[in-house]
Amino acid sequence: MTHHATLTTSPGPGRPGAPDAVRARPVVPATPGRRGLGVGEVRLADGFWARLQETNARATLEHCRTWMERLGWLANFDVVAAGTTGGERPGWQFSDSEVYKLLEAMAWELARTGDPALEATYDRLVDRVAAAQDEDGYLNTCFGHAGQAGRYTDLESGHELYCTGHLLQAAVARFRTAGDGRLVEVARRAADQACAEFGTGARAGICGHPEIEVGLAELGRALGEPRYTEQARLFVERRGHGTLEPIRLLSPAYFQDDVPVREADVWSGHAVRALYLAAGAVDVAVDTGDADLLGSVTRQWERTVERRTYLTGGMGSRHQDEGFGDDWELPPDRAYCETCAGIASTMVSWRLYLATGDVRYADLMERTYYNVVATSPRSDGQAFFYANPLHQRVARQDVEPDTENPRAEGGVRAPWFDVSCCPTNVARTLASWHAYVASVDGDELTLLQYAAGEVRTALDDGGELALRVETRYPDDGSVRVEVLDAPDRDVTLRLRVPAWADGATVAGPGTGRAAHAAAPGWVEVREVLRRGDVVVLELPVAPRLTWPDPRVDAVRGCVAVERGPLVLCAESTDLPAGAALEDLRIDPTAEPRPEADGAVVRGTLLTRRASGAQSSGLPYSGVAPVHEPFEELELPLVPYHRWAERGPSTMRVFLPTL
C-alpha cells in the first residue's frame, strides 16, 4: 500500500483537500508498521530544541536566502528562464541544491507556523525555480543550455542528479504538508525525465554524489508512483561496479563505486555520499521487502559506529576526501566530521529505527543531534561550522564576515561558505526536528527524544493518545510525562533510556507508582491510561568520564567528560592568562562535578621542560622529558555544542590524564 493511497484529506495550510498536514512527516515507508509522528502531532514548548527551531525560523532561513540572492545562486534560475546563459555562472555546479534544501526547510517551517510572509517568499522562490525547467522536465542551471556543457556529460562531478534529488525532497515536504502545487509538479516532471534518461533499457549511469535515490524513493511514496521506487532501486544496484571514472587522485571508493552496496561491510569514502546512499538503500529495501539489502546496511552501520565514529556522533576522519578513515582512525584534531555527514547519519539511523525498532539508532541520533547538528549554528543562527573537529590547536580569527569562506576550516563559525551545503542542511533539519521525537506502532507510542511540549496522535488501532512532556533536558534528567487524553483500553507508552543512563529510574502507572530501576533500552508502561496519569523518568545526567577504546591511537592516555547526552570540552577561554591547553593534565581519580550546563574537573598545568637536548633540532629527544607541576586548578568544561561562542579559542574534547 502506498502512502498516497492512505492519505486523509483535511484543510492544510490554506489548501482545501490537501493531505493531512498534521500527520505529515519526512520519512513515510510504503509498508504499514512503525511510523514517525507528523510535524503537527508534536508541539515543542520552551527548551533546547524549541529555541533552536525559533532561531532557525527567525534568522537562518532568511540568512540563507539573502546570501544565495547576493551571490547570484538564485539568479541562475532567472538566467536559464530568460534564455541568456553562456556567461560566467556564479556558484559551484551544485549550487541549485542549496536552493532546494532551503525550499524544503521553508515547507516544514510553514507547516509548523503557517507564517504568511514566509509563504509569500516561498511562492516567489518556487516561481523562479519553475520558470527554469525545460519542456521535457530537465532542470539544472549549470548544464544543458546555450554556452554550457551538455546534459549528464560529467556524472562524476556534475551533481545533476544530486540536485534533482534535493528538488524531489523539497517537493515531498510541500506535498505532505500542503498538497499538490507548482513545486510538486516541477518535481514530478524532473523525476520523469530522470527515469526516462536512466531507466531500464536506457542509460546505465549513476551520479557521483548519491542523493537522487532518497529523493526518488520518497517522491514515489508520496505520489504513489512505483516507477520512482524502481529507479531508486536501479541506482542503488548499479553502485559499486566501477561505473564512474576516478577524478584527480580519488579512487572509485570516493564515490562508493568500488564495492556493491550489498557486499560492503563498512562505510568508506566520502562520508556524506556514503550516508545518503545508505539512506536510499534502506528506503529501497523497506519498500521492496528486500531483507538482504536491509541487512547489508545494518551491518555497515554497526561496524562504522563501532570503529569509525567520533564520541560526538560525527563521521569522517579525513580532510582530503571528506571521508571515513580506516577502523580506529579517529584523530581529534584532524577530524572532519562534516555537519552534513552528521545530518545524513541521522537520516540513516531514523530509517533503520523505523524498519527495526532497535533503540541503538535513536541513541546515536540523540548523540549526533546534540553534538553535531546543534554545534554547527551560532547562537544567532547566522554563522555555522562546516567541519567539527574535537581538538582545535590554534584559535582561528580568519573568518571573513562579508564573503564566502573556505569550507573545511574550523575554529570560528562562518556566515557562508563557497560550498554552503551545511547551513541549508541545518535549516531543513531544525525545521522538521520535532518529527523525530516519537513514533507509533499499533497501540504503542514511543518517546525517543526528550523535549518539553505536547504530543498528540491517533493510534493505529483507533483512539487518540495525548501527552504533555515537562523537562529541562539535557540540563536536568527529569522527564515528566502527563496523560492528557487516551483511549479506554490498554495502550503502551514506551520511554527510551539512553545507553549511558545507568541508574535511571521510572515511576508512575504500571510501576506501582513507586520509582523502579530502568535499565538502558526501553521502559514500558502498558495499561489503561487515564487523563492525569503521570510517568516520571529520571535520567542520571551527572558528569561522567568516558575512556576511548585503546585501539584509537590518537587519544590513548586521554579521557573525555560527558554530561547526559552532551559531550563536554575544555576551552582556552577558561584557562589562567598565559596558560595553554597542551599543558593541561586532568586527574581521573577526582569525580567531575556539575556546574551550570557543564562540569568542573580537577587538573594540573605542567611545565614544558625536557631533560636533555633535542637531537638534530627535531621535536624528539633521547632522554625522557621531565614534566613538573606548575599550577593546580579546577577547570570548567562547557558543552561542545557551544564552543567558540565566546570568541576564538583553542579547544579539546579528549584531555590527557596525570
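## Largest pocket

The largest pocket holds about 700 Å³ of space. A pocket here is an open set of points on a 1 Å grid over the protein atoms alone, where a 1.4 Å probe fits, with protein on both sides within 12 Å along at least five of seven lines. Its volume is the space filled by probe spheres set on the points.

This is a predicted model: local features need pLDDT of at least 70, side-chain atom pairs pLDDT 80 or more, while totals for chains, interfaces and linings use all residues. Numbering runs from 1 along each chain as its sequence is written, and side-chain values use heavy atoms, without hydrogens or water.

## Its lining

Lining residues have an atom within 4 Å of a point. The largest pocket has 31 of them, and V305, T309, Y310, L311 and R367 are the closest to its centre. Helix α13 gives the most, 5 residues. The lining divides into 18 nonpolar, 3 polar and 10 charged residues. Helices are DSSP runs of H or I, at least four residues long. Asp, Glu, Lys and Arg count as charged; Ala, Val, Leu, Ile, Met, Phe, Trp, Tyr, Cys and Pro as nonpolar; the others, Gly among them, as polar.

## Second largest pocket

About 530 Å³ lies in the second largest pocket. Its lining has 30 residues, with Y254, H270, R273, E322 and R407 nearest the centre. Helix α10 (residues 271–288) supplies the largest share, 3 residues.

Conventions
Helix = DSSP H or I, 4+ residues; strand = E, 2+ residues; numbered from the N terminus.
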